[in-house]
Amino acid sequence: MSAPAVEGGPLAATGHPLQRAGAWAVAVLAGREHPREVSSGDLDAVAGQLVREISLAAVAGKESAAYEWWKVLFALFPNSKATHSKRSGDRTVLEPQIEAMFAPDDGTGALPERPCTYCGAPSSVVWTKSTLAMFDTNKALNTLPPGVPGWPVCRGCRIAAWALPYGAWVTAGSATVLSCEEEAVERAFAERNVRRARRIALAGFGALRPGGRAERVVLAALRAQRVESPAASTLWSFKNDNQEPWLRVTRARRAVPLFLATVDGNEPLRRGWHILEAALTRRDQEGAVIASGADETARLLFEAEDGRSRTLLFQLHQLLQDPKRAWSLSQREALTRLAFDYAERVLGMEPDLEAVAVLVADWIEHGSGSPRGRLAEYRNVVLSDYGLGQLLIRAHFRLTLDGRPVATGPEGWKPLIARRPRAWESRMLLAARVLQLLQERGVVVGERSADEDVEETVQEEPGFGQYDDDDDEWGGGVMAYLAGKMVLAIEAGAPNNGRGEETKAKVKFARVRGRVHPYISAQAARRWVRDGMVELGSSASPVQRVGKPQGKAQKANTAANPAKYPDDDLFGYMRAGAKKDDAATTLRDSPFMLGTLMSVEPARPTEDFGVMARGVVEPVLHGHEFYTADLAAPFLLDVPRIGTFTMPDSNGAGRPNYLSQEQALQVAEAVKTGAKAVEFRSLPAVRLPIAERRARAALLLESLAHLSGGAKQALHYGDRVPSLIVLVPFKGGINPLANFIDGVEGSGLRVRGEVLRAELEAWDGEWEAPVRVGWRPGFRDDLREAFAKTCQSEIDAGQIVIDHPRTVLRTLADELRGGGLDGWFDDPER
């Protein structure tokens with residue numbers, strides 16, 4: 001993607017999206033309206049500015065704001081002179097090296113002049129992938145043909161390449177650039193990002209207020225430039241690390257500027273937009289915004305290249321169909337009109353759905369049975385071509401038999417059920433219109449909820465498309481799971497025994513490919529964690545034994561009250577009622593999931609023989625086993641489920657933590673006021689206040705930080721605090737750490753940094769830095785040194801932190817308890 005050489009000027013904005021973004025950034029930094037207006041003197045000034053700020057960031061301490069700008073540079077140029085792990089820490093040494101990168105190209109170098117890879121201008125300077133973002137894979141040391149030293153890059157494009165972070169929307173690990181058919185929008189986007197980059201370089205990401213997305217900046221630029229003609233916009237988001245760069249492309253259709261202009265000039269559409277923003281805004285218990293509705297709404301106008309994105313129309317469909325949202329008629333009309341206008345102007349549809357909508361509404365209102373039941377039946381098939389067709393046939397038949405007018409017949413609804421372009425979108429629009437008609441007729445289409453007051457909130461929202469310079473975002477997305485793996489070092493211990501043989505106590509073990517691997521059961525380890533929580537002041541749920549004293553019908557239940565007892569909440573339960581009493585069964589899946597602590601290599605237990613001979617004529621012989629091994633197990637914490645208790649749905653489906661909402665609320669209010677009814681993973685639920693949920697998550701981690709317990713402590717006492725623990729926050733309930741920590745027979749424990757890096761790369765976008773590694777001093781120092789060497793770049797960038805396990809766990813507990821990670825307590829939007 002290159003363009004012909006530009007006559008006269010030293011800088012061109014080519015068709016390459018990264019070079020183009022950098023060229024616009026140079027123009028903004030130089031105070032020019034367009035890259036073609038940039039002079040050689042401007043390039044000198046911008047280059048000097050880049051040299052100063054890059055070298056300052058490269059030698060900055062990890063606690064300084066400048067170091068956070070270095071993280072941005074590392075994400076784009078991980079092997080450059082400014083970001084390499086072996087770079088000089090002396091600024092006077094490093095600055096001349098960086099300055100040489102942008103030196104003028106006078107054509108007197110050792111290499112002949114060749115056309116610049118980007119713009120075609122003559123250049124005798126060649127660059128390699130270490131100084132060019134997203135230019136070639138970092139998996140191979142060199143992919144150039146033999147004898148080719150690099151790619152020719154002119155001075156203007158070299159400076160543009162490193163001005164890219166200023167013109168892009170950056171985070172600590174990625175960058176997003178814009179290509180738009182309207183150059184004024186590209187400049188506005190770059191100008192906005194240059195101001196933001198200045199703040200990050202001077203004060204760090206912490207100086208930015210929460211909120212803001214690249215998509216929202218683009219929409220604000222389209223409005224500010226009054227783009228009222230078709231113009232496509234493309235966002236290129238990428239990361240250029242040492243494993244495998246990724247690139248994600250999202251596009252706003254060419255008609256989006258026309259749609260925005262229409263919304264801007266039309267009060268009902270503008271009001272619908274504000275209602276949508278308010279509906280997508282999420283707040284914590286204290287009312288602070290944790291997810292900006294304005295950001296999310298802007299995001300809906302950009303469609304992912306791979307099709308994995310929500311559209312504005314689908315989001316409106318979900319909101320309008322949600323029975324728990326009691327929209328007023330005026331709100332529903334505004335949202336429905338917004339959906340139809342988007343379909344017409346952006347998707348090019350010409351929907352003619354009124355007759356079919358009247359048919360469905362008539363059937364729901366006047367058919368046999370209750371309107372609520374028929375409405376639920378319609379909702380079940382609203383997006384299905386076959387299901388909707390069957391329903392329309394029944395509706396037509398029912399209204400005909402009842403002697404009522406029938407608005408349309410099969411020819412009228414054929415476009416909705418045929419397999420044709422935009423049929424799916426047409427069914428969404430039909431649903432919106434049907435619900436509007438029903439509400440106009442007085443048919444109840446939703447339940448009462450707090451959302452019915454959203455209209456008053458909307459009145460206070462800022463003007464459509466408004467973007468405050470202070471309204472920026474920082475940090476990773478909303479995480480929901482804390483994945484981890486821990487290692488316990490057992491030295492001459494017997495922490496978990498199995499079934500004994502006469503007078504010999506035997507440890508638990510498993511046979512793997514014929515070899516003996518001792519283990520500690522998850523039940524035992526969870527008991528230790530539960531006991532640790534009690535030591536920290538938590539009240540344990542009382543246990544009652546029920547059923548026969550001996551025999552097959554033995555049972556033991558906790559109180560099964562997760563609202564009152566944190567251990568019932570975190571560890572789950574099943575309380576089975578007695579058949580003779582016709583009592584119901586309640587159960588709770590454990591939010592804290594733990595695997596078996598299995599020896600990482602074969603370890604045959606040693607048998608210890610003992611004699612009790614003190615004061616007896618005939619000595620008593622006994623024996624027991626013990627072993628030395630490193631035991632490892634994965635674990636997973638489902639954070640949103642903490643303090644969230646589900647009930648069966650209207651059909652009785654689901655896992656009931658409580659039997660009814662009333663029962664759950666009564667118990668929860670007895671513990672702490674503020675519990676409320678919510679919908680959680682498509683089931684009705686009751687949720688405790690966020691402060692209580694924070695405290696419970698923190699309590700679990702603090703118990704792990706001083707883990708103790710196990711059998712045979714009088715004879716084989718040993719420390720049970722994890723010698724190694726790794727924690728990674730994830731959006732989904734997966735744990736990719738299995739092969740990162742494992743074992744090899746003969747050498748024992750194995751910790752492979754390259755495996756961790758590969759897993760994190762594969763799951764990029766699904767986890768949040770930093771990866772927290774707790775490693776006890778003195779435990780396998782050889783492995784720790786090798787791991788730190790392999791992951792040095794991630795450690796330098798703050799993506800991996802290493803400390804004592806107790807420090808790591810207690811620090812994370814403090815962050816949770818202090819409210820800094822409240823986003824983890826809700827499921828991320830997909």
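1. E215 and R213 form a salt bridge, and their closest N and O atoms are 3.1 Å apart. A salt bridge here is a side-chain nitrogen of Lys or Arg within 4 Å of a carboxyl oxygen of Asp or Glu. E215 is buried, at a relative accessible area of 8%. The cut-offs for that word are under 20% relative accessible area for buried, over 50% for exposed, and partly exposed in between, with a 1.4 Å probe and protein chains only.

2. On the source: the model is predicted, local features need pLDDT of at least 70, side-chain atom pairs count only at pLDDT 80 or more, and totals for chains, interfaces and linings use all residues. Residues are numbered from 1 along each chain as its sequence is written, and side-chain values use heavy atoms, with hydrogens and water left out.

3. Overall, the protein has 27 helices and 31 strands. Helices (H or I, at least four residues) and strands (E, at least two) are DSSP runs, numbered from the N terminus. Of the 830 residues, 51% are buried. The accessible surface is about 37000 Å², and carbon and sulfur atoms hold 50% of that; areas come from the Shrake-Rupley method with a 1.4 Å probe, and for residues only the protein chains shown count as cover. Among contacts with a separation of 6 or more, 71% are between residues 24 or more positions apart, a contact being heavy atoms within 4.5 Å.

4. Two strands pair if DSSP finds at least two bridges between them. A175 stands opposite F238 in β7.

5. Axes are lines fitted to C-alpha atoms, for helices over the stretch in contact, and angles run from 0 to 180 degrees between N-to-C directions. Nine of the 11 residues of α7 are buried, so the helix is largely enclosed by the rest of the structure. The buried residues include A214, E215, V218 and L222. Just after α7, R226 has a positive phi of about 50°.

6. Where is the other helix contact worth a look? Helix α16 (residues 410–417) packs with helix α17 (residues 423–440) at an angle of about 120°, and their axes are 7 Å apart. P415, L416 and I417 in α16 meet A423, S426, R427 and L430 in α17. The contact residues are five nonpolar, one polar and one charged. At 30% relative accessibility, G412 is partly exposed.

7. The salt bridge count for the protein is 46. E377 and R394 form one of them, with the closest N and O atoms 2.1 Å apart. E377 lies in helix α14 (residues 371–381) and R394 in helix α15 (residues 385–401), so the pair ties together parts that are 17 residues apart in sequence. E377 is partly exposed at 31% relative accessibility, and R394 is partly exposed at 37%.

8. D782 and R780 also meet through their side chains in a salt bridge, at 3.3 Å from N to O. D782 is partly exposed, with a relative accessible area of 47%, and R780 is partly exposed at 24%. Elsewhere, salt bridges with shared partners link D569, R588, E692 and R696 in one network.

9. A further open sheet has three strands in the order β24-β26-β25, with antiparallel pairing. Its edges are β24 (644–646) and β25 (676–680); each has a single partner strand, so one side of each is left without a neighbour in the sheet. Neighbouring strands of this sheet are turned by 40° against each other on average, direction ignored. β25 and β26 (residues 683–687) run antiparallel and are joined by five bridges. E679 has P684 in β26 as its bridge partner.

Notes:
Nonpolar A, V, L, I, M, F, W, Y, C, P; charged D, E, K, R; others polar.
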